[in-house]
Amino acid sequence: MSGRESATAFAPASVGNVAVGFDILGFSVDALGDQVTVRRSSVSGVTIVASRGAVSDLPLDPARNTAGRALMAMQEALTLPFGFEVEIDKGIPLASGLGGSAASAAAAVAAANALLDAPCAMVELLQFAMQGEAVASGSRHADNVAPSLYGGLVLTVGIDEPRVKRIPVPTGVRAVIVHPHMFLSTKEARAILKTGVGLSDFVWQTANLAGFISGCYTNDIDLIRASLEDVVIEPQRQSLIPGFAETRAAAMAAGALGCSISGAGPAMFAWALESDAQRVSAAMSAQFATRGIEIDHWVVDLNAAGARLVEP
Ligand code: HSE
């Protein structure tokens with residue numbers, strides 16, 4: 001028996017796609033995240049009583065809120081003798097490309113799980129959170145939810161029956177994240193994508209995904225450097241981010257192993273050896289500065305933890 005009346009969970013931000021794994025690959029970014037408190041309630045269903053922090057006007061209607069929808073999915077799957085009362089503290093800016101919608105959903109299910117007499121398996125929590133994430137992006141995909149829940153670099157294969165694999169990341173590699181202060185709707189950034197892929201791009205992108213994952217497993221920095229490149233999605237979306245090409249070029253010139261759009265953008269990420277990471281971060285930041293765009297930036301570990309309970 002849990003016996004717990006209330007629990008608070010933190011779930012980290014995340015970088016979706018990681019250039020080569022559109023909708024299937026992502027890594028957690030522990031520098032920021034969302035916190036959700038869930039209480040047992042005598043009122044059935046899901047009631048969101050407060051949402052505050054980095055995002056002000058999120059819908060409190062649970063069916064239109066990623067945390068609320070994820071908890072509704074949990075209630076639809078389980079027969080619970082109580083409802084959920086929810087408070088959301090947003091640490092991740094809206095429409096930033098840093099997985100804010102996913103983090104709220106992940107934190108909500110992690111907190112609610114602590115209230116259950118029979119806690120769910122992680123993969124069930126993932127499935128609930130994916131339903132929450134779909135409220136924001138318009139489709140179910142796990143490239144943000146899975147790393148936010150599990151932590152680290154995570155590959156998810158399948159939608160209805162997801163298989164989740166945490167991929168090892170070579171020691172000494174860091175992620176650089178630069179977030180320009182702009183909004184880019186995920187739904188819009190998905191709507192512009194072509195539905196077809198040319199054969200040559202398909203082969204190239206497949207090779208890059210395989211090379212990247214192999215490079216991670218075998219500690220092969222040269223293979224990671226050769227394959228961390230998106231030839232399908234990035235060319236279609238890069239015009240949505242001012243100075244993208246120059247910022248990417250500056251990152252590569254400063255020693256990045258690869259640099260691309262974080263999720264649907266506008267945030268960008270790069271991977272770099274620890275010795276180069278600060279230089280890469282400065283080079284990317286300088287590009288946004290020359291365009292008068294304010295940013296936040298972080299250099300983070302790629303092996304951080306996922307969603308976890310915290311003191312409220
Ligand atoms: N894989 C998603 C995309 C991430 O790039 O559209 C944002 O939800």
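At 36% relative accessibility, isoleucine 159 comes out as partly exposed, a class that sits between buried (under 20% relative accessible area) and exposed (over 50%), using a 1.4 Å probe and protein chains only. The model is a predicted one, so local features need pLDDT of at least 70 and side-chain atom pairs count only at pLDDT 80 or more, while totals for chains, interfaces and linings use all residues. Residues are numbered from 1 along each chain as its sequence is written, and side-chain values use heavy atoms, with hydrogens and water left out.

Isoleucine 159 sits in the loop between β5 and β6 (163–167); strands here are DSSP runs of E with at least two residues, helices are runs of H or I with at least four, and both are numbered from the N terminus. Setting aside neighbours within four places in sequence, isoleucine 159 is in contact (heavy atoms within 4.5 Å) with Met130, Arg140 and His141. Valine 55 is 104 residues away from isoleucine 159 along the chain, and their C-alpha atoms are 28 Å apart.

Threonine 156 belongs to strand β5 (residues 153–157). This threonine 156 is buried, at a relative accessible area of 3%. Not counting residues up to four places away in sequence, threonine 156 touches Ile24, Leu126, Ala142, Ala146, Pro162, Arg163 and Val164.

Then there is valine 203, in helix α6 (residues 199–218). With a relative accessible area of 49%, valine 203 is partly exposed.
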